Amino acid sequence: MASRDPSTWGNGHVPGIEFLIKALTPLNILLAVGGVIAGTVIGALPGLTATMAVAVLVPLTFGMEPASALIALGAIYTGAIYGGAYSAVLLNTPGTPSAIATTFDGYPMARRGDGDLAITLACLASVTGGLVGAAFLLLLAPPLAKFALQFGPVEYFWLAVFGLTLIAALSEGSVLRGLIGGCIGLLLSAIGTAEVGGDIRYTGELKSLLGGIDVVSALIGLYCVPVLMDLVATPDPHLKLTHEVAGFRFREALRIAWRSKSNLARSSVIGTLVGILPGAGGSIASLVAYAEARRVSKNPSSFGKGEPNGILATESSNNATVGGGFIPTLVLGIPGTPPDAVILGALLVQGIRTGPSLFSEQSQIVYTFIYGLFLATILMLPIGLVIGRYAFKSIVSIPKAALVPSVAFLTILGSYAVHNNAHETQQMVVLGLIAWVLGRFGFTASPIVLGLILGTIAESGFVQGYLIGNAKGSALMEFLTRPLSAGIIAFILLTLLYPLVKGRIGAPKLPSNE
Amino acid sequence: MNNSERDLRGIIASLVFAAIGVLAIYHARDFSPLGAVFPRTIAAAMIVLCAVYVVFAVLRPIAVEKPQPGSAGRRIALAIAMLAWALLLEPLGFLLTSIACFAATLVIANYDKWTPRLAVTYAGVGILVLGTLYGVFSYVLQVPFPTGVFL
Amino acid sequence: MKPLSKLLLVMAAIAAGAAIAAYPEKTINYIIAFGPGGESDISARLQEPYFKKYAGQTVAIQYKPGAGGATAWSQINSAPGDGYTIIGTNLPHIVLQPLQKDVGYKTDELANVYWFHFTPDAVVVPAGSPHKSLKDLVAAAKKAPGATTFSGSGTNSANHLAQQRFDKLAGIKTTYVPFKGTGASNTALLGKQVSGSWSYTTVAVQLGDQVRCLAVAMEKRHPILPDCPTFKEQGYELVSGAYRGLAVPQSTPAAVKQQLSDLIGKINKDPEFIKKMEDKGFAMIDAPVEKMGAFMAARKKEYETIAREMGIVKTKK
């Protein structure tokens, strides 16, 4: 088994081990298999996200036993996060926001004919990350939940700023262009009714913009539409097939993964920790893990050009957020990630009261679920490999004339299903066309999307921190003197100054395409 | 890619973004102080970044990437088809619009010679893709799709 | 198109007639103006099995979230008025939103048929807070005006409204810190980033002994929170919360509205349903279609007054 589980198995103190057997009923195994398959397929389709997978399938679980329902939802969730890698790798379109950073190296790998290898790597990384996240959930949930509560609005503000500095670090080509793109995304995030303050901003009398720009529909448009535009422009096949698709290239992937075990471990832990922070989620986790992997790498210039370590970092960290996100959800009753919010609602309908007492009073449900999550994660290995191979084969073999309308239909369907509304579909297409034009001017989609995601976190963190700080006496002190804030600020400075220390960018340099 | 020249596209784009930044700051005058601080800061930062970009681009020529070659006509046709798809969803209904626009994008993307066999194959693909996804979402997952005027 | 529209009218009339005969005779689409997992969804999910029990028909719960519910509410009147499309509505949202801006619907354009429960406002503090009672909190706020901070969900929301009203009633000045949704507000509360939280009984129940509930805005104490006194007991005239009801497209015939209202009324009297709702912190009310006019008029007056005082009324009446 490829899983490298750093948890303390066998020390005799694994909590709730007696429920392992309860998790392994035929029904639960069946639900885990079905959930992983359904999640992976939905996640793999561009435009259909993990949150949506959980949301649309939640009603089907209401008739089940609580533990079984949770296992099914956990399996769907973890499958969907993994499935997002397929379209990231094969179509340069993240299937879910968590897979944005997977496009950086996944698509270049597919372009040079290593799409199957990239998908197998993603599968290995996802299983590893998922197991690490689940292990933290099993062993350390209550203390970690307490840690998450230390993060106040000010820390979220600095965390978002940290994310923005990563844009600069990650921009391929020109750093300046990346930063300008980030600003565009940040400005886009201000459109609509401000959650904090209630101002109506930049809607231009359009009622459809009152709710703001939806991140998911923007994501679909910004990535998918330019891909489609370039697909129809030439008769060349979408991906070149350089070899016979025979196996999974499993051994090769396993070798690469084993060589990068420290990257996998680090990224999984980053993913778990970011997942615990309510409101952060897989997109930020994978970004941080990617930036760290690149920073530590001996060969940072290979990142963005098809570096397997990039995929290992993003895919292990985003699946680790699944287990991590369940920690505040179950311990505190506060959803860790957007899909957790849906799952929390399902728990309430089931009559389960979350909170610190859940682990003692309803331990049967919790531990059965956690072992079910392990089961689902392990099942992801065979299921993911098989679906992945099938996805790879079909993407490379179906002709453009069938691929383009199918993907186009999925973007329409996915953006509609975000809110079951055509407004988001219109936003998606318009943003997509703008993205294509910007692409011709040298501005890529990723900084814009990250700006859009981080904008709301940064702004509400800032305004809330300001209000709280003012009430306490000084807003400035609030932002600078809290210990965790100071820590994050130090990280930000480290990221910004590290290249200088390395002596890479000594003097102000031209934007170049190296 | 070795032909060094001024990055004219970058300069144009930067000027447009700077103008957007100015507009954003201008419109922020009506917002409450707390609601205005974020867009103002970002817009100001964007204007500065754009100015720096223009200065660099004017001072030193760089290797400019040539845009991908390809058929502009098909790109424009696809853009129109996608826009129509999004705009007609509600008035015409989800299914009807999707059938029409699916067919349109299929024709735009096809470079092979149309033969009866090809037409039948692609029609089958269309029915399969649209039918399966529409069926699952509409009937199993209860997604409320607009039905439009004809249904 | 004249004959066609006439034909449609006739068909609609026939359909309406048929609907009166045996409503409901097929699945009812129940639209939630928010995403899945929220309180509107949870209460609808709890109602769901009782539609089957009392009407013999299922409901299909569909989500149309966006702009705090306004997206769905502004579109409901274009749905067919046959009683098979119903939508969850929320107070004070449907009064406050059209007051603040043009959101595409007006309060009176929503044909509410029943208000079936509400989540009473509540003040909660972290379990370890030095404020043991509402009295402590008010005293602290009096000593240092503005230094007491409350988290709440959203600006100009039910939480915000309650905070403003209480400040006036108690003659204190506190700082309201808006968060994006109840989850984020709870995070700040449990993390002790704020002194307390303006929230709901449901949250007090859900967070259990991690928090202390200081007061609920109800007439009588909530059965599941017997230790949490009402504002009234402590001398403040505050009974409020977020109400949830059901509306239909305006074109729905009166007879169908009545049948729907009767059906919801039956569900609302089911002891098992009441228990499930109250266990989660909801409080039951019954405002059927017969009493809708008076109920809405009272709520509108109440909200408009406070909204004007807060200065959030932007549109002209």
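pLDDT is the predictor's confidence in each residue, from 0 to 100. The model is predicted: local features need pLDDT of at least 70, side-chain atom pairs count only at pLDDT 80 or more, and totals for chains, interfaces and linings use all residues. Residues are numbered from 1 along each chain as its sequence is written, while chains are lettered from A and ligands numbered from 1 in the order in which they are written.

**Exercise 1.** Determine where confidence is lowest and where it is highest in chain B.

*Solution.* Then turn to its elements, which are DSSP runs numbered from the N terminus (helices: H or I, at least four residues; strands: E, at least two). The lowest confidence in chain B is in strand β1 (residues 4–5), with a mean of 62, and the highest is in helix α4 (residues 94–109), at 94. Where pLDDT is low, the predicted coordinates should not be read in detail.

**Exercise 2.** Describe the packing of α2(C) and α10(C).

*Solution.* Take the geometry to start. Helix α2 (residues 39–55) and helix α10 (residues 271–279) of chain C pack at about 165°, with their axes 10 Å apart. Axes are lines fitted to C-alpha atoms, for helices over the stretch in contact, and angles run from 0 to 180 degrees between N-to-C directions. α2(C) and α10(C) are therefore roughly antiparallel to each other, a term for angles over 145 degrees.

Next, identify the residues in contact (C-beta atoms, placed from the backbone, within 7 Å). S43(C), L46(C) and Y50(C) of α2(C) meet F273(C), K276(C) and M277(C) of α10(C). By class, the residues of this contact are four nonpolar, one polar and one charged. Here Ala, Val, Leu, Ile, Met, Phe, Trp, Tyr, Cys and Pro count as nonpolar, Asp, Glu, Lys and Arg as charged, and the others, Gly among them, as polar.

**Exercise 3.** Locate P92(C) and N92(A), and state the backbone feature of each.

*Solution.* P92(C) lies in the loop between β3 (85–91) and α4 (93–100) of chain C, and a cis peptide bond with omega of about 5° joins L91(C) to P92(C). N92(A) lies in the loop between α4 (66–91) and α5 (100–111) of chain A; its phi is near 60°, a positive value in a residue other than glycine.

Technical notes: Angles under 35 degrees count as roughly parallel, over 145 as roughly antiparallel, 65 to 115 as roughly perpendicular and the rest as oblique. Two residues are in contact if their C-beta atoms, placed from the backbone, lie within 7 Å.
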